[in-house]
Amino acid sequence: MKVTLKNIGKKYEGREEFTLKDINLEIEEKDFCVILGPSGCGKTTLLRMIAGLNSITEGDLLFNNKRMNKVAPKDRDIAMVFQSYALYPHMTVYENMAFSLTMRKERKKLIDERVREAAKVLQIEDYLYSKPSDISGGQRQRVALGRAMVRNPKVFLMDEPLSNLDAKLREHMRVELVRLHKQLGTTSIYVTHDQTEAMTMASKIVLMNEGKIQQAGRPDEFYNKPANIFVAKFIGSPTMNILKGTMEDGKFVSKNKLMVITPSEEDSIKLKSYEGRNVSVGIRPERFESGGEFGDTFKALVEVVEMLGKEKILYAKMADGHELVISTPGHYKYNEGETHSFGFDIEAIHFFDTESGERIN
Ligand SMILES: Nc1ncnc2c1ncn2[C@@H]1O[C@H](COP(=O)(O)OP(=O)(O)OP(=O)(O)O)[C@@H](O)[C@H]1O
Ligand SMILES: [Mg+2]
C-alpha cells in the first residue's frame with residue numbers, strides 16, 4: 001500500500017508549539033521506509049498518527065490515495081510493533097501470536113495456518129508451545145513480529161523494535177528483518193535513531209530534526225549528497241569534519257588559513273556566487289588522501305591513533321589547534337606524535353552555505 005503525507009502537522013493539546021510541521025512524504029508500495037532522527041524530534045508522534053493512535057492536527061494522510069485522517073486504527077489495515085513488545089507472560093508463543101485473530105473470532109483453521117506460516121518464516125516453530133519467559137530476547141522479538149504478521153497488514157509500523165536487544169542480536173535481527181521484508185513485500189515504516197539501522201535496512205530514509213523533515217531519499221544520497229550540515233553530521237561514522245572559511249579567488253580558504261581547497265570544475269560553477277562569502281566544507285574522515293603529494297595539502301599533528309583492525313582512526317590537530325578526524329586503512333603506518341601531510345579526494349568535498357547550513361554543490 002502506498003502511504004502519502006500531505007502538509008501534516010501535529011500540535012499536542014496544551015503545547016504552544018507544533019511538534020511536527022509541514023511533513024510531506026510519499027512512501028511507495030513495498031518501500032522499507034526508515035524514519036530517523038534524534039530523540040524528541042517527533043518520530044513516534046508521526047508513526048502514531050499513521051497508525052491512528054494520535055490525531056492529526058492539520059494536513060492529509062492518504063493510503064492508496066484514500067484519506068485516512070478519521071479512520072479508526074482497527075480499520076486501517078496496519079500492524080504496529082513497539083519497542084516494548086510486551087508479550088502476555090501466561091500465554092504460549094502460539095497463543096500470543098494468535099491473540100489478535102482470536103479476539104476477532106477468526107476460524108480456528110485460519111488462525112492455525114497464519115500462526116504456523118509466520119512461525120515458519122520467523123524460524124520460531126520449535127518454540128510455539130513455550131512461554132515467553134523460556135525463550136531468548138531475540139526470539140521474543142520475533143514473536144512480537146509474528147503477532148503483527150499474522151494479521152496480514154497492508155503496512156507494518158515499527159517503533160525502535162530492536163533497541164532492547166544487545167548489539168550482536170540487533171545486527172542479526174536487522175538482516176532478518178530485511179530478509180523478511182523481501183519475502184513479504186509489505187510496505188514498512190520503521191522508526192529508529194540509529195543511523196546504521198537506517199543505512200543498512202532502508203529503501204528510503206527520512207531524516208527528521210525538530211519536527212521537520214531534513215532530507216528524504218535513498219541511503220546513498222544521504223552519504224554522498226547530504227542536504228545540509230545537520231544531515232551531513234548525522235549520517236556517517238566517525239562524523240564528517242566541517243571547516244568554516246571563505247571563498248577567495250575561486251578557492252576555499254579555511255578560517256585559520258591552514259587549509260586551501262581548489263574545488264572541482266563542476267563545483268566552481270556552483271560556488272561562483274559565493275566569492276568573498278562564508279562557506280563551510282565537509283570532508284568525511286575516510287576521504288582524506290594520505291601523503292597528499294598532488295593538489296592541495298595541509299599538515300596536521302597526529303595526536304591519537306585508534307586501531308580498529310581494518311581501519312585506523314587518526315585524531316589530528318592543525319597548527320592552530322583545529323581538530324580533524326581522519327580514517328585510513330589499518331595497515332598504514334601512523335604513529336602518535338608525528339606530523340603528516342594530507343590531501344583530499346576533491347570529488348568528495350561537500351560545500352555548505354555557512355549561514356543557512358544548506359548544501360551548495
Ligand atoms: N502525548 C503527548 N503530549 C504532549 N507532548 C508530547 C506527547 N507525546 C510526545 N510529546 C512531545 O512531542 C515531542 C516529540 O516526541 P516523540 O515521542 O514523537 O519523539 P521521538 O522522536 O519518538 O523521540 P525518541 O527517539 O526519544 O523516542 C517531544 O517534545 C515530546 O515531549
Ligand atoms: Mg520515539
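Student: Let me start with one residue: is proline 161 buried or exposed?

Tutor: Proline 161 is buried, because its relative accessible area is 1%, and the cut-off for buried is under 20%. Keep in mind that this is a predicted model.

Student: Where does proline 161 sit?

Tutor: Proline 161 is in the loop between strand S7 (155–159) and helix H5 (167–184).

Student: And what is proline 161 in contact with, leaving aside its neighbours within four places in sequence?

Tutor: With those neighbours left aside, its contacts are Val81, Phe82, Gln83, Gln141, Tyr190 and Val191.

Student: I also spotted proline 285. What separates the C-alpha atoms of proline 161 and proline 285?

Tutor: A distance of 31 Å separates those C-alpha atoms, and the two prolines are 124 residues apart along the chain. Proline 285 also turns up among the residues that asparagine 241 touches, including Val281, Phe288 and Leu324.

Student: OK, so where does asparagine 241 lie?

Tutor: Asparagine 241 lies in strand S11, residues 241–248. It counts as buried because its relative accessibility is 7%.

Student: Let's zoom out. How many helices and strands are there in the protein?

Tutor: The protein has nine helices and 20 strands. Its C-alpha trace spans about 75 × 45 × 35 Å along the principal axes. Of the 361 residues, 49% are buried. The accessible surface is about 18200 Å², and carbon and sulfur atoms hold 48% of it.

Student: Now the ligand. Which residues surround ligand 1?

Tutor: Among them are Tyr12, Thr19, Pro38, Gly40, Thr44 and Glu160. By class, the shell has three nonpolar, six polar and three charged residues.

Student: Which polar side-chain atom lies 3.2 Å from a nitrogen atom of ligand 1?

Tutor: That one belongs to arginine 15. Lysine 43 has a side-chain N or O atom 2.8 Å from an oxygen atom of ligand 1. For cysteine 41, a polar backbone atom is 3.3 Å from an oxygen atom of the ligand.

Student: How much of ligand 1 does the protein bury?

Tutor: Taken alone, ligand 1 exposes 640 Å², and the protein buries 62% of that.

Student: Switching topic: which strand does S9 run antiparallel to?

Tutor: Strand S9 (residues 204–209) is joined to strand S10 (residues 212–217) by five bridges, and the two run antiparallel. One example is valine 206, whose bridge partner in S10 is alanine 216. Two residues lie between the strands of this hairpin, and glutamate 210 takes a positive phi near 45 degrees there.

Student: Last one: which residues does the cis peptide bond join?

Tutor: The cis bond joins serine 237 and proline 238, with omega about -5 degrees. Proline 238 is in the loop between helix H8 (229–234) and S11. Most peptide bonds are trans.

Notes: Residues are numbered from 1 along each chain as its sequence is written. Chains are lettered from A and ligands numbered from 1 in the order in which they are written. This is a predicted model: local features need pLDDT of at least 70, side-chain atom pairs count only at pLDDT 80 or more; totals for chains, interfaces and linings use all residues. Side-chain values use heavy atoms; hydrogens and water are left out. Two strands pair if DSSP finds at least two bridges between them. Helices (H or I, at least four residues) and strands (E, at least two) are DSSP runs, numbered from the N terminus. A residue is near a molecule or strand if one of its heavy atoms lies within 4 Å of it. A polar contact is a pair of N or O atoms within 3.5 Å; within protein, one must be able to donate a hydrogen and the other to accept it, and residues adjacent in sequence count only if both atoms are side-chain atoms. Accessible areas come from the Shrake-Rupley method with a 1.4 Å probe; for residues, only the protein chains shown count as cover. Ala, Val, Leu, Ile, Met, Phe, Trp, Tyr, Cys and Pro count as nonpolar, Asp, Glu, Lys and Arg as charged, and the others, Gly among them, as polar. Buried means under 20% relative accessible area, exposed over 50%, partly exposed in between (1.4 Å probe, protein chains only). Contact means heavy atoms within 4.5 Å.
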